[in-house]
Amino acid sequence: PARRSKAAEEMVTGRNSVLEALRAGVPAKTLYVALRVEMDDRVKEALKIAAERGIPVLEAQKPELDRLTDDAVHQGLVLQVPPYEYPDALDLAEETITKFSKGYIRNAPLFVALDGITDPRNLGAIIRSVSAFSGHGVIVPERRAVGMTASAWKTSAGAAVRVPVARAANLNNTLKAYKSMGIYVLGLDGGGDVSLPGLALATEPLCLVVGSEGKGLSRLVREHCDQIVSIPIDSDMESLNASMAVGISLYEVSRQRAGQ
């Protein structure tokens, strides 16, 4: 069985945040509503969506909601989001390679791994790009990294339903294992040895690795890359935001794959 990591439940608090999460289809376990809550339009719509989606609604006293949310400002509305079930990064790659070899999927395996990215909105935007350009998954390290929060789910604009986010216990070991499976590991970074438009490996099984803005790729991750790929940008621009760099790179990969 695939290894799953235990994670805590997330509580989305406050009328605007809860309503946005419900509208965006963020998976939810329970909607908590304060007893005698003031029924404004947001509360009414939240209750309506919960009913449509079959999300249980529980009434609770204010002290109970304060306890559930660690005394966050909740305005009488709290949404309980279950922990995301991360597949294991190696299992995901093996499954994808098998599907490709049997002809169940048309394109060679294509993954994006995140190195040192902590903003969930960046993860959400990257999931969107991976979905738009037919990628097969996003890999996030287990420690000191972003996870699938309600905010990441919301930013993905529904793409998180289609793109699995897998966890790597150790990113460097995972990249090494990917290489042994025949997946080329390409780092996206300035001053690379290859320029994106001339990416000869685009049609091969790929894992693109992107670092955080400012820091870039960590030294060890760079050492595990088969190539470092640079996106030609105006020299006045220091660096691209991670999700933009991924979007541009995936566009180029999919353009070359389409012309195969």
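The model is predicted, with pLDDT of at least 70 required for local features and 80 or more for side-chain atom pairs, while totals for chains, interfaces and linings use all residues. Residues are numbered from 1 along each chain as its sequence is written, and side-chain values use heavy atoms, with hydrogens and water left out.

The chain contains 9 helices and 11 strands, taken as DSSP runs numbered from the N terminus (helices: H or I, at least four residues; strands: E, at least two). Its C-alpha trace spans about 65 × 45 × 30 Å along the principal axes. Of the 260 residues, 48% are buried, that is, under 20% relative accessible area with a 1.4 Å probe, protein chains only. Among contacts (heavy atoms within 4.5 Å) with a separation of 6 or more, 81% involve residues 24 or more positions apart.

Within strand 5 (residues 110–115) lies A113, a buried residue with a relative accessible area of 0%. Residues up to four places away in sequence aside, A113 touches I139, L171, C207, L208, V209 and V210. The C-alpha atoms of A113 and T149, which are 36 residues apart along the chain, are separated by 17 Å.

Key. Buried means under 20% relative accessible area, exposed over 50%, partly exposed in between (1.4 Å probe, protein chains only).
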